[in-house]
Protein chains: 2
Amino acid sequence: MQIITTRNQITKRIARRTSASPVEKTVRTIIDRVKKFQDAELLALTERFDGVTIQTLQVSKQEILDAYQKVSSSLLQAMKDAKERIQRFHEQQKEESWRIEPEEGVYLGQQVRPLASAGIYIPGGKASYPSTVLMNAIPAKIAGVKRIVLTTPPQADGTVNAAVLVAADLCGVDEIYKVGGAQAIAALAYGTESIQPVLKITGPGNAYVACAKKLVFGDVSIDMIAGPSEVCIWTDEQSDLKFVAADLLAQAEHDEDATACCLVPSIQIAEALSTEVNRQLELMDRMDIAKKSIQTNGWIAVVESESEAIDIINELAPEHLEIMTANPENSLDDIENAGAIFLGAYSPEALGDYVAGPNHTLPTSGTAKFSSPLGVYDFVKKTSIIRYTENALEHVSDAIIELANTEQLTGHAQAIRVRT
Amino acid sequence: MQIITTRNQITKRIARRTSASPVEKTVRTIIDRVKKFQDAELLALTERFDGVTIQTLQVSKQEILDAYQKVSSSLLQAMKDAKERIQRFHEQQKEESWRIEPEEGVYLGQQVRPLASAGIYIPGGKASYPSTVLMNAIPAKIAGVKRIVLTTPPQADGTVNAAVLVAADLCGVDEIYKVGGAQAIAALAYGTESIQPVLKITGPGNAYVACAKKLVFGDVSIDMIAGPSEVCIWTDEQSDLKFVAADLLAQAEHDEDATACCLVPSIQIAEALSTEVNRQLELMDRMDIAKKSIQTNGWIAVVESESEAIDIINELAPEHLEIMTANPENSLDDIENAGAIFLGAYSPEALGDYVAGPNHTLPTSGTAKFSSPLGVYDFVKKTSIIRYTENALEHVSDAIIELANTEQLTGHAQAIRVRT
């Protein structure tokens with residue numbers, strides 16, 4: 001891992017964060033073709049990109065029942081445990097509609113309603129991500145979304161990973177389709193013969209999926225445009241470097257583009273940590289990926305003071321922040337920007353990835369400056385309610401007419417005058 | 001206005017809603033040039049598009065003081081009245097951070113924080129929109145945004161409209177710049193020598209502004225991509241057609257692309273309403289615009305029943321819905337999709353545009369199916385907080401390891417094992 005000691009170098013590292021490669025032209029073509037040829041195009045692209053010929057896009061009830069047979073009882077229990085904890089946290093995010101009568105004859109309100117439908121994209125290929133199913137479907141369900149659709153690319157044998165199917169079924173997902181990539185996003189946004197369109201698309205994906213989500217944004221809602229995953233770990237003299245190194249490497253194993261970085265109080269600790277990272281790295285199943293990530297994107301910064309560390313964190317706005325200092329709660333109020341903050345030595349990111357409760361879909365690449373974790377609030381929308389009595393309208397009519405005339409919208413003024 | 005009586009025709013009208021014209025190539029060039037040439041490009045484009053040569057982009061303190069002299073005391077009072085009512089409504093939208101301890105040793109929370117900066121775009125040219133300043137700046141201020149920036153194109157004499165300046169000053173806007181169009185959005189997103197970038201851009205604009213907002217989305221947050229404004233008015237036999245016609249025309253005067261439509265219980269009422277619209281139309285200052293809008297986009301649908309009306313409204317998902325039936329509250333629970341709902345004969349859209357309290361920035365073109373009015377929630381972001389004790393982590397470690405192994409992320413499992 002690169003060890004850096006000046007603020008200028010740190011700023012350069014933050015600016016150097018990797019971003020998705022440009023694939024827009026290809027993605028535009030895919031979206032246009034899915035709009036035009038619909039199911040036929042989905043099947044053709046599945047053959048081309050996933051290397052498998054399927055006849056039917058929708059996963060059948062029988063396939064879901066079969067999936068339960070393929071999942072071990074310990075995995076089923078783990079998914080149920082995770083589901084319960086995720087539900088418990090997200091229940092807190094439910095918003096109530098409200099009405100107020102701030103003065104006589106004035107009735108105002110905000111109605112909160114679930115979106116009618118949502119589509120969840122789950123990456124496939126070699127790995128399976130049942131945890132991502134839980135993290136996307138549970139908030140949608142708590143929000144009250146009536147139709148939850150999931151799409152994921154089929155495996156080489158034409159089936160969908162059993163753990164993904166069981167997770168989806170546990171969460172009450174209503175429809176599951178075997179389609180991945182930009183073509184899945186196009187189908188969710190615009191519909192095909194088999195797949196009715198949805199109002200919002202969430203879930204992670206590769207550069208093609210991210211680009212497709214950006215392109216369909218506006219026609220439908222999307223959660224965010226996710227970049228590579230990141231962790232920043234803030235340590236002090238008492239931090240256990242074995243823990244720190246393990247967490248950095250857990251981040252690095254995600255993806256070669258992932259970023260694992262660490263703030264340490266001295267060059268000695270930086271060097272010791274680097275050694276520990278290299279030691280643990282050699283023992284990893286996913287050593288090749290983690291090594292590439294650590295070599296390309298990993299860094300350890302020596303910081304002078306707590307306030308310097310906080311400045312760097314706020315500039316970085318990391319997706320995941322682990323504070324492993326002696327009194328992690330102390331600095332919490334000063335952290336302005338982070339997707340999720342993990343406090344203390346026994347709150348590793350892996351805990352939050354699976355079972356802690358909060359969502360693991362978090363803003364990346366500094367977007368924590370303006371974005372939030374995925375939540376129940378992503379699956380509801382609000383409507384304002386306005387009712388004034390004749391008297392109450394009369395009371396504000398001069399102000400309306402004055403403002404309308406200023407804006408040269410005299411027809412607006414007339415709509416008041418006709419009533420008073 | 002076109003009178004339509006079959007459901008099929010209504011569905012076609014809904015589908016025919018106008019959308020912004022494609023200007024993407026031009027907008028991309030503008031954004032690229034602003035990134036490269038910064039202030040110089042902003043000044044050059046202001047000369048080209050706004051026809052005025054200015055030396056300094058930022059509005060000075062003196063210009064703001066001068067603006068107060070140009071605004072009448074009645075307009076100042078109207079803006080203050082409006083501000084107070086808008087503030088009162090939006091105060092209700094403030095969200096509190098929360099912490100929970102759902103089981104021993106498990107501490108979770110959600111921290112709500114304001115965005116550090118926000119940029120408001122206000123259209124200029126011939127008209128001025130102080131109400132839009134209030135509607136954008138007030139929720140940002142209530143959220144706690146520390147740096148609120150406003151951009152608006154200069155008038156022919158190089159100044160900014162006095163009402164806009166006073167509204168901005170009343171709301172505590174921190175910086176105001178004389179720049180409009182896609183170039184203003186590029187400057188807000190990426191910064192220039194004079195304009196520091198912001199984290200979120202809100203506010204209405206023409207097709208160029210809307211396209212620029214879509215293109216910078218992801219690098220910064222945006223509120224929504226606004227289409228032409230719309231109203232749908234639901235009437236019954238007792239509705240006063242004078243009121244209905246005035247409200248339809250107030251909508252139509254906005255813009256030739258605006259949509260004014262109405263649901264009526266009989267063909268007789270449809271014809272009477274059409275006559276009343278034509279009568280009032282002739283008396284309008286903005287007759288030309290309103291006539292074009294009514295002729296191109298206006299429609300009156302004869303509906304058979306209350307449930308048919310509700311179905312149409314939910315399919316349309318209008319930006320503004322006025323319910324002028326005898327008992328408007330009765331149907332409120334069945335309306336799934338609308339930006340704002342105005343109840344009763346004395347709650348015209350013009351009331352909500354200026355002083356009612358709720359925001360007038362509302363989802364258009366059917367996006368009320370998945371979007372909300374602009375609100376305080378647009379100017380905050382959330383961070384999840386996770387703290388587990390050693391015992392609490394131990395308690396969930398099996399589930400984490402099981403899930404991590406399923407996802408082939410064995411480094412994640414190791415980050416737990418190293419601690420237990």
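Me: Is A:R113 buried or exposed?
Reply: In this predicted model, A:R113 has a relative accessibility of 12%. The residue counts as buried because the limit for that class is under 20%.

Me: Which side chain does A:R113 meet in a salt bridge?
Reply: The partner is B:E336, with an N to O distance of 3.8 Å. A:R113 belongs to strand β3 (residues 106-114) of chain A, while B:E336 sits in the loop between β12 (320-323) and β13 (340-343) of chain B, so this pair joins two chains.

Me: And B:E336, buried or partly exposed?
Reply: B:E336 is partly exposed, at 30% relative accessible area.

Me: How many salt bridges are there over all chains?
Reply: The count is 38. As background, side chains of opposite charge can pair when their charged atoms come close.

Me: Which residues are linked in a network?
Reply: Salt bridges link A:E24, A:R28, B:E24 and B:R28 in a network.

Me: Turning to chain B, what does B:E41 pair with?
Reply: B:E41 forms a salt bridge with B:R33, and the N to O distance is 3.0 Å.

Me: How accessible are B:E41 and B:R33?
Reply: B:E41 is buried, with 6% relative accessible area. B:R33 is partly exposed, at 39%.

Me: What about B:E175, which residue is its salt-bridge partner?
Reply: That partner is B:R147, and the closest N and O atoms lie 2.8 Å apart. The pair links distant parts of the chain, 28 residues apart: B:E175 is in strand β6 (residues 175-178) and B:R147 in strand β5 (residues 147-152), both of chain B.

Me: Are those two buried or exposed?
Reply: B:E175 counts as buried at 16% relative accessibility. B:R147 is likewise buried, at 16%.

Me: Changing topic, where is B:Q414?
Reply: B:Q414 is placed in helix α16 of chain B, which covers residues 410-417. With a relative accessibility of 36%, B:Q414 is partly exposed.

Me: What separates B:Q414 from B:I401 in sequence and in space?
Reply: The two residues are 13 apart in sequence, and their C-alpha atoms are 8.0 Å apart in space.

Me: To recap, which pair joined two chains?
Reply: A:R113 and B:E336 are the pair in question, from strand β3 of chain A and a loop of chain B.

Technical notes:
Residues numbered from 1 in each chain as written. Chains lettered and ligands numbered in written order. Predicted model: local features only at pLDDT ≥ 70, side-chain atom pairs only at ≥ 80, totals over all residues. Heavy atoms only, no water. Salt bridge = Lys/Arg side-chain N within 4 Å of Asp/Glu carboxyl O. Helix = DSSP H or I, 4+ residues; strand = E, 2+ residues; numbered from the N terminus. Buried < 20%, exposed > 50% of the residue type's maximum accessible area, 1.4 Å probe, protein only.
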